[in-house]
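Trainee: I would like to go through this model term by term. Can you set each value against its cut-off?

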Amino acid sequence: MDVLGQLAPLCAAEPWDPVGLQIGDPSWQVRRALLSIDLTEPVLAEAIHKKVNLIVAYHPLIFD
């Protein structure tokens, strides 16, 4: 979370923008990450297939 905060500081978000960890535990150790614009079912399937334990999505889960 510290590294992501350096790349995309929370202070740069709009007040209405839901940023930060939405699901999970910040103490989990990240070994594999997947980047995506949206968290869709195919992206989730890819993450499961590749045994990814962090998904960083540009759009938060509340957006369709």
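Mentor: Start with the elements. Helices (H or I, at least four residues) and strands (E, at least two) are DSSP runs, numbered from the N terminus. The model is predicted: local features need pLDDT of at least 70, side-chain atom pairs count only at pLDDT 80 or more, and totals for chains, interfaces and linings use all residues. Residues are numbered from 1 along each chain as its sequence is written, and side-chain values use heavy atoms, with hydrogens and water left out.

Trainee: What makes up the protein, and in which order do the elements run?

Mentor: The protein has two helices and two strands. From the N terminus on, the order is α-β-α-β. The C-alpha atoms fill a box of roughly 35 × 30 × 20 Å along the principal axes.

Trainee: Where is His49, and why is His49 called exposed?

Mentor: His49 sits in helix 2, residues 41-49. Buried means under 20% relative accessible area, exposed over 50%, and partly exposed in between (1.4 Å probe, protein chains only). His49 has 67%, so His49 is exposed. Its C-alpha atom is 19 Å from that of Trp28, 21 residues apart along the chain.

Trainee: Which class does Gly24 fall into, and where does Gly24 lie?

Mentor: Gly24 lies in the loop between helix 1 and strand 1. Its relative accessible area is 42%, so Gly24 counts as partly exposed. Gly24 and His49 are 25 residues apart in sequence and 19 Å apart in space, C-alpha to C-alpha.

Trainee: Why is Ser36 called buried?

Mentor: Ser36 has a relative accessible area of 16%, so Ser36 is buried. Ser36 belongs to strand 1, residues 33-36. Contact means heavy atoms within 4.5 Å. Leaving aside neighbours within four places in sequence, Ser36 is in contact with Val43, Val56, Ala57 and Tyr58.

Trainee: How many residues of the protein are buried, as a percentage?

Mentor: Buried residues make up 9% of the 64 residues. As for contacts between residues at least 6 apart in sequence, 22% join residues at least 24 apart.

Trainee: How do you know that Lys50 and Glu46 form a salt bridge?

Mentor: A salt bridge is a side-chain nitrogen of Lys or Arg within 4 Å of a carboxyl oxygen of Asp or Glu. The N to O distance between the side chains of Lys50 and Glu46 is 2.8 Å, and they meet in a salt bridge. The count by this rule comes to one. Side chains of opposite charge can pair when their charged atoms come close.

Trainee: Why are Lys50 and Glu46 called partly exposed?

Mentor: Lys50 is at 38%, so Lys50 is partly exposed. Glu46 is at 34%, so Glu46 is partly exposed too.

Trainee: What makes the phi of Lys51 worth a remark?

Mentor: Phi of Lys51 is near 55 degrees, a positive value in a residue other than glycine. Most residues other than glycine have a negative phi. Lys51 lies in the loop between helix 2 and strand 2 (54-57). At 69% relative accessibility, Lys51 counts as exposed.

Trainee: Which residues make the nonpolar surface patch?

Mentor: Patches are made of residues with over 30% relative accessible area and no salt bridge: like charges are joined within 9 Å, nonpolar side chains (Val, Leu, Ile, Met, Phe, Trp, Tyr) within 5 Å. Accessible areas come from the Shrake-Rupley method with a 1.4 Å probe; for residues, only the protein chains shown count as cover. Met1, Val3, Leu4, Leu7 and Leu21 make a nonpolar patch of about 480 Å². Leu7, one of these, lies in helix 1, residues 2-7. Its relative accessibility is 69%, so Leu7 is exposed.

Trainee: Why does Asp2 count as exposed?

Mentor: Asp2 has 64% relative accessibility, so Asp2 counts as exposed. Asp2 lies in helix 1. The C-alpha atoms of Asp2 and Pro26, 24 residues apart along the chain, are separated by 9.7 Å.
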